[in-house]
Amino acid sequence: MTETAIEFRSVVKRYGTATAVAGIDLAIAKGELVTFLGPSGCGKTTSLRLIAGLELPSEGRVFIAGRDVSRDPASARNVGMVFQSYALFPHISVLDNVAYGPVIRGTPKAQAQARAREILEQVGLGGLEARLPAELSGGQQQRVAVARAIVQQPDVILFDEPLSNVDAKLRRKVREEIRSLQRRFGLTAVYVTHDQEEALAVSDRIVVMDKGRIVQVGAPADLYERPATPFIANFIGDANLIAGQVVQGHFTAPGLSLALSGPDGAATVSVRPERIALRAGGDAQVTSVSYLGSRMEYGLDTPAGEILVSRPITEPRFAAGDRVSLHFDPAALIRVA
Amino acid sequence: MSGIFSGRVGLAWPGLFGIGVLALPWYKGGAFTASALVEGLAGRVWLLPLVLTAAGLMALALIARDWRIQGVTPALVGAALVWLLLQGFGIGLRGPALPGIAVLFPQAAAGQPGFGLGAWAAGLALIGALAEVLAARGFCRGERFPAFAIVGIVAALSLFVFFPILRLMSAAFVAPDGTLSTIPFLNRITAADLWSLGCVTGAGRCGVVVNSLVLGILSAAIATGLGLGLALLVARTDFRLKRLLRALAILPVITPPFVVGVAIIVLFGRTGFVTVEVAEWFGVRPGRWVYGLPGILIAQVLAFAPVTFLVILSGLEAINPTLEEASTTLGARPVTTFRTVTWPLLRPALAAAFLLAFIESLSDFGNPMVLGGSYDVLSTKIFFAVVGAQYDLGQAATLSLLLLALTVGAFWVQARWLGRASYVTVSGKSDAGLVAPAPPLIKWAAMAAVLPFVILTVGVYAIVLAGGFVKDIARQDLTPTFGHLWTAFSVEVGERGVQLFGSAWDSMITTLWVSALSAPLTMAIGILTAWLIARQDFAGKRAFEFGTLLSFAIPGTVVGVSYIAAFNVPPIDITGTMWILVICFVFRNMPVGMRAGIAALAQIDRSMEEASQTMGAGGGRVLRDVVLPLIRPAMFTALVYSFVTAMTAVSAVIFLVSARHNMATAYIMGRVENGEYALAIAYSTVLMLVMIACVAGMNWVVGKRRLGRRSGLALPAE
Ligand SMILES: Nc1ncnc2c1ncn2[C@@H]1O[C@H](COP(=O)(O)OP(=O)(O)O)[C@@H](O)[C@H]1O
Ligand SMILES: [Mg+2]
């Protein structure tokens, strides 16, 4: 087991009567990039702020680098944070923004500025030190924010939806930059997003949250291929959820019978739309057809309910009203309930 | 200050507590050798528990790794604080003031003087220690600076706002023979000269309360109407003199009290300019009509209309023009649009303006003093109960409570109706659409109302400008002279350097000192409070907020009487010092700094402060590095306002000045009472010039520093 950088032990955060974080346990390893993913209001930002010390837990304990920091204010922790709005200080230069942390923590000013210059160079902002933040583009401002967060070699760097103020076109590039910086500096990072695609792309591990709780933790492929609950199956990628029965190694639903090991009883399975093949003729009917450029998407009416299927553009196409049959890849069936 | 708050754990507080009980004179005026320990051993044994807890706390701080988180610390600190207050208030100058003390401490019969340096140091140390203890237990997210600020401000407000009011209440129940009972209070509060409706029924005069209410309602209604007219002219017409109107609105702020009243007498009194002219032209016999309700009304409307104007103007400018446009596109005539859209949207601003003027009118002391004649109002009646021949604190306290009930009631109504919107001015100005010009009918009505107001203002200020520099303005002797100025501010250059001979120098110098001391303090406390309210989450925040704003609704007269009731006797006997004047101004004016600060902070992305925190800055550092540079304009506003108010306020200080520390306004009032109008006017003019010079100076100093450019990004966090 690698060294633990951050640990939540039964952490609860309440605001008055509302519970934002309803008891989470989690360990984050050193050098890992972990994403908190979940719908809006599920407690991601609050969890992040609990690490930063911008909120203190109502119950439970938070450890950073093995030390109990549950009662420590933000200023007593060594944490870097990149805010959604970047939160650069508008009244001082880029260089002073980056040198601010070291100066506060007692580094002599000249030394702090030298260090800031170095980091700015490394994030590709050499030459812009004297500018005010307002004189930079959005992307540059974000890099200043990142430089400012990592200049003190923090125990962990926190990102709260860092792409929400970035143009849609640039998002992929920026998130790759963040990922490569994190790897290059060997940083432990916690990244908050509500966008599953972003989470899948950047994370070592994803923590899926719902209503203040953790519902599943795993590598991107784990979550996508083995969702633990219907909520996750639906939240990460598209999923067809089919209700039926498991009897002696077979899952049955109206018009379906597929091999599935596991205990007998009522069951819900999840099947990804791209894991279902279609052939002409059968008991299902095409109700809608969408051309998505790279794929075709069909809405089907089947005895087991409505099902979404996604097929490569290169396959023969169907039209609304066509009758088709569905062919499941047995390995694609995931029992989620 | 960061030395105490950042870095090492706050050992300073137990240390200060120790110094307070061991090394400083415990009592006011005491010798340096007379510490609490010495006094305690010499017979005042009730001081020994304090010495013991101080020793305990210091030992704990030296032995334990972190004294703040020890289980006994809260009990020690709490007990010491309670005991400090209990013994202070329990044993007065002439012996026990609380029952039971005499039995417990027979030695207390000899009494004890008020708090001295040592006691103040101990109090401060305990407040600091309390903040440390709370912060260590998660209060203010564990941040020590905000915790200290909150505990400190709550303590200061309790001591200098709520405690005096409590003393006032108890004073209202004191019988002339000094015993406590409800009967004198009931007698005073039901007296006929308070509630009589004689002037209506024809059986003599009306009661003071009735007079005050009539004046308040009339004055607020007229001022609101005028304010509306002015605001409409400025915001909704092409009226040419907009800038002049805005400039006129500043005048009342820098006008010393009494001088407007004097000018009105000079204009409309029995021998006044206007009176004489009118008498000649129309053959009307000159009368004394101006003394009483009409005179006070004129003076108050002149003073309040600019305030209501500004309130209504901001309301008018906040109305989204697209709403009015929509109505017009739907085919409504301008008058209909005004009646159905603009007016309803404006109603909250009108209500706010009315209540503000109502509170101001009830609190006004200067104008009824000069112009009241036999028309008594609560504020003047209170003054004469304390200052007059019969010193009757019980009567003054009772009347003060009545006045307080009225203003706080109005304040409460305002807070309930208008909620937070009343003091957080969100600059939600929409740039879409053009404002609808006011319909002609309304424009002309506004003009007709505003014109007399403008003429009157110009007339009054012409008198104010000229009156000090002519021989006798009241008798229309307009020979130019510097005689009055010389009387007030003569200097002599002799062997011993420059000597200030003029009769006004003392009060002028005190006034400048008090203003210069109180303005930065007021600004600091106001802005700090704004920051706490806008940025910190803590238990009891709503009560804290209401409490701080409430001090705005306490009339100056009431503050004056309550300070006399509270601070004339030990343990906190500070009447007659300059500090009581400074303290009085700080707590009266701090809500203005607060409002300015809250409005400014609402525009600033809070995550900048959080960023600073995550980079290692404690609360004080965040304030200094991030918040203050970004809200400098609000700080300037607060500074100027507190400075100017301290120079022109009269209602509270009139009770608190002493022979040694007289203030300009009190001096001017003395001259007015003696009929020395010209001298009063000359002094007022000098005061106004000094204020303008000081404000310009501050502006120059502040303006020279480059204001940082704001980032365009201020997105709220999700
Ligand atoms: N300061 C606060 N006061 C009260 N409720 C809050 C506060 N911050 C967050 N919440 C509530 O806690 C819940 C979780 O919020 P948050 O962590 O911001 O969600 P997310 O970042 O996942 O969208 C929400 O219901 C939110 O309304
Ligand atoms: Mg969030």
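At 26% relative accessibility, E177(A) counts as partly exposed, a label that covers everything between buried (under 20% relative accessible area) and exposed (over 50%), using a 1.4 Å probe and protein chains only. This is a predicted model, so local features need pLDDT of at least 70 and side-chain atom pairs count only at pLDDT 80 or more, while totals for chains, interfaces and linings use all residues. Residues are numbered from 1 along each chain as its sequence is written, chains are lettered from A and ligands numbered from 1 in the order in which they are written, and side-chain values use heavy atoms, leaving out hydrogens and water.

**Salt bridges within chain A**

- E177(A) pairs up with R143(A) in a salt bridge, with the closest N and O atoms 3.9 Å apart; the term means a side-chain nitrogen of Lys or Arg within 4 Å of a carboxyl oxygen of Asp or Glu.
- R143(A) sits in helix 4 (residues 138–150) of chain A and E177(A) in helix 5 (residues 171–184) of chain A, so the pair ties together parts 34 residues apart in sequence.
- Helices here are DSSP runs of H or I with at least four residues, strands are E runs of at least two, and both are numbered from the N terminus.
- R143(A) is partly exposed too, at 23% relative accessibility.
- R179(A) and D204(A) also meet in a salt bridge, at 2.8 Å from N to O.
- R179(A) is buried at 10% relative accessibility, whereas D204(A) is partly exposed at 29%.

**Across the chains**

- R49(A) forms a salt bridge with E610(B), with the closest N and O atoms 2.8 Å apart.
- This one crosses between chains, from helix 1 of chain A to helix 28 (residues 607–614) of chain B.
- Both R49(A) and E610(B) are buried.
- Shared partners join K13(A), R49(A), E55(A) and E610(B) into one salt-bridge network.
- Over all chains, the whole structure has 28 salt bridges.

**Around ligand 1**

- Ligand 1 lies between chains A and B.
- There are 10 residues around ligand 1, and G41(A), G43(A), K44(A), T45(A) and T46(A) come nearest; being near takes a heavy atom within 4 Å.
- A polar side-chain atom of T45(A) is 2.5 Å from an oxygen atom of ligand 1.
- A backbone N or O atom of G43(A) lies 3.0 Å from an oxygen atom of ligand 1.

Key: Polar contact = N/O pair within 3.5 Å; in protein donor to acceptor, adjacent residues only side chain to side chain.
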